[in-house]
Amino acid sequence: METELGSGKQKVEWFVMNVYASGMKKAEKLLKSEESLHYYIPKKYAVRKCGGKTKRELVPLISNLLFIRATHKQVHDFQKLYSVIGFVITLIDGKRTPLVVPDSQMENFIKVASHYEADLVYYRPDELNLNKGDYVRIIGGAFNGAKGQLVKIDGKRNKRFVVTIPNILSATVDLKPEFIQKITKEEFYSEQD
């Protein structure tokens with residue numbers, strides 16, 4: 001999707017954003033009120049003690065990370081107004097560039113990570129060897145349509161389905177064999193951005 005802005009077009013993309021100084025609640029509140037920006041904050045359930053009581057609540061998976069889908073200009077304008085967030089930057093050909101996640105990778109990640117009640121386990125990229133395993137598509141069930149890999153996690157008897165945003169985060173979940181359709185590496189990458 002592209003939008004007309006000024007003299008050129010800007011592509012709508014998923015930008016990886018840092019949240020500064022424990023400002024996740026403020027950032028989420030501001031993003032909820034901004035209709036032109038679509039955002040995603042990976043979350044998990046955690047047990048917290050508050051006022052002497054223990055309760056289970058939904059909290060950000062990573063306290064300083066969220067994703068915004070919009071044009072670069074829209075995100076930059078929002079960032080200038082509210083200094084609570086900033087672009088995650090990567091070097092491409094020696095140039096500092098905002099880190100962008102392709103739509104298909106983000107859609108797969110959201111399909112899996114949005115099921116807070118599932119037995120999801122998250123890993124940093126250096127904690128998994130994703131070069132092993134079969135590429136699969138999930139057919140039916142809560143994760144229908146998601147694509148990823150099957151890997152064996154040390155200490156686990158079952159194979160787990162892995163959805164990853166390369167160099168950022170991976171989510172895994174146990175799946176029943178009837179929900180798994182083996183696909184080729186070419187099929188996996190043919191629909192990727």
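A residue counts as exposed when its relative accessible area is over 50%, and as buried when that area is under 20%. The structure described here is a predicted model.

**Helix H2**
- Helix H2 spans residues 72–81, and its buried residues are Val75, Phe78 and Gln79.
- An α-helix has 3.6 residues a turn, so residues three or four places apart point the same way.

**Helix H1**
- The buried residues in H1 are Met24, Ala27, Glu28, Leu30 and Leu31.
- Seen down the axis of H1, these residues fall within an arc of 165 degrees, so they line one face of the helix.
- Lys25, Lys26, Lys29, Lys32 and Ser33 are exposed, on the face of H1 turned away from its buried side.

**Salt bridges**
- The whole structure contains 4 salt bridges.
- One of them joins the side chains of Lys73 and Asp77, at 2.8 Å from N to O.
- Both Lys73 and Asp77 lie in helix H2, and they are 4 residues apart, about one turn of the helix.
- Another salt bridge joins the side chains of Lys55 and Glu57, at 3.6 Å from N to O.
- Lys55 has 43% relative accessibility and so counts as partly exposed.
- Glu57 has 26% relative accessibility, so Glu57 counts as partly exposed too.
- A salt bridge also links the side chains of Arg69 and Asp103, at 2.9 Å from N to O.
- Arg69 is in strand S7 and Asp103 is in helix H3 (residues 103–113), so this pair ties together parts that are 34 residues apart in sequence.

**The hairpin of S9 and S10**
- Strand S9 (residues 89–92) and strand S10 (residues 95–98) run antiparallel and are joined by 4 bridges.
- Thr90 stands opposite Thr97, which belongs to S10.
- The two strands, S9 and S10, form a hairpin with 2 residues between them.
- Asp93, in the turn of this hairpin, has a positive phi of about 55 degrees.

**Aromatic rings**
- There are 3 aromatic pairs in the structure.
- In one of them, the ring centres of Phe67 and Phe109 are 6.5 Å apart and the planes are at 55 degrees, so the pair is tilted.
- Phe67 is in strand S7 and Phe109 is in helix H3, 42 residues apart, and the pair links distant parts of the chain.
- Both Phe67 and Phe109 are buried.
- In another pair, the ring centres of Phe78 and Tyr82 are 5.0 Å apart and the planes are at 55 degrees, so this pair is tilted.
- Phe78 is buried, with a relative accessible area of 4%, whereas Tyr82 is partly exposed, with a relative accessible area of 27%.
- Arg56 lies over the face of Tyr45, at 3.8 Å from the ring centre.

Methods:
Residues are numbered from 1 along each chain as its sequence is written. This is a predicted model: local features need pLDDT of at least 70, side-chain atom pairs count only at pLDDT 80 or more; totals for chains, interfaces and linings use all residues. Side-chain values use heavy atoms; hydrogens and water are left out. Buried means under 20% relative accessible area, exposed over 50%, partly exposed in between (1.4 Å probe, protein chains only). The arc is that of the directions from the helix axis to the C-beta atoms. Two strands pair if DSSP finds at least two bridges between them. Rings of Phe, Tyr and Trp (its six-membered ring) pair if their centres lie within 6.5 Å; planes under 30 degrees apart count as stacked, over 60 as edge-to-face and the rest as tilted. A charge sits over a ring if NZ of Lys or CZ of Arg is within 6 Å of the ring centre and within 35 degrees of the ring normal.
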